[in-house]
Amino acid sequence: RFAELAAEVFVVLIILYRLYGNLFQGLKSIDMLNSQAVNLSIACRALSTIIEVHGRHFKRERFAGEAPG
C-alpha cells in the first residue's frame, strides 16, 4: 500500500510541476493567470498537504531512535 501511495504522490507532483511550467514559463498576460486562479489554489493546497505530511514523516524517522527529553 505504501508503494501505491508513493506512486500517487509522485504523479500529483508531476502534474503540479507541469502546471507550473505551463503557467509561469514564458510571457503570459495577467488575464491568463486570473483565469487559472482555481488551478493555482488547488495546486497550493496539494503542495502544502504533501509538505506537511512529509514533514511529519521525516520528524518521526529522525527522532525515532532518540531518547525523550
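A residue is called buried when its relative accessible area is under 20%, exposed when that area is over 50%, and partly exposed in between, using a 1.4 Å probe and protein chains only. By that scale Glu4 is partly exposed, with a relative accessible area of 49%. The model is predicted, so local features need pLDDT of at least 70 and side-chain atom pairs count only at pLDDT 80 or more, while totals for chains, interfaces and linings use all residues. Residues are numbered from 1 along each chain as its sequence is written, and side-chain values use heavy atoms, with hydrogens and water left out.

**Salt bridge**
- The structure holds one salt bridge, a term for a side-chain nitrogen of Lys or Arg within 4 Å of a carboxyl oxygen of Asp or Glu.
- Arg1 pairs with Glu4 in this bridge, the closest N and O atoms being 3.2 Å apart, and Arg1 counts as exposed at 66% relative accessibility.

**Nonpolar surface patch**
- Leu5, Val9, Leu13, Leu47 and Ile51 make a nonpolar patch of about 390 Å²; patch members have over 30% relative accessible area and no salt bridge, and nonpolar side chains (Val, Leu, Ile, Met, Phe, Trp, Tyr) are joined within 5 Å, like charges within 9 Å.
- Areas come from the Shrake-Rupley method with a 1.4 Å probe, and for residues only the protein chains shown count as cover.
- Helix H1 (2-24) and helix H3 (37-63) each supply at least two residues of the patch, helices being DSSP runs (H or I, at least four residues) numbered from the N terminus.
- The largest share, three residues, comes from H1, while Ile51 lies in H3 and is exposed at 60%.

**Helix H1**
- The buried residues of H1 are Leu16, Leu19 and Leu23.
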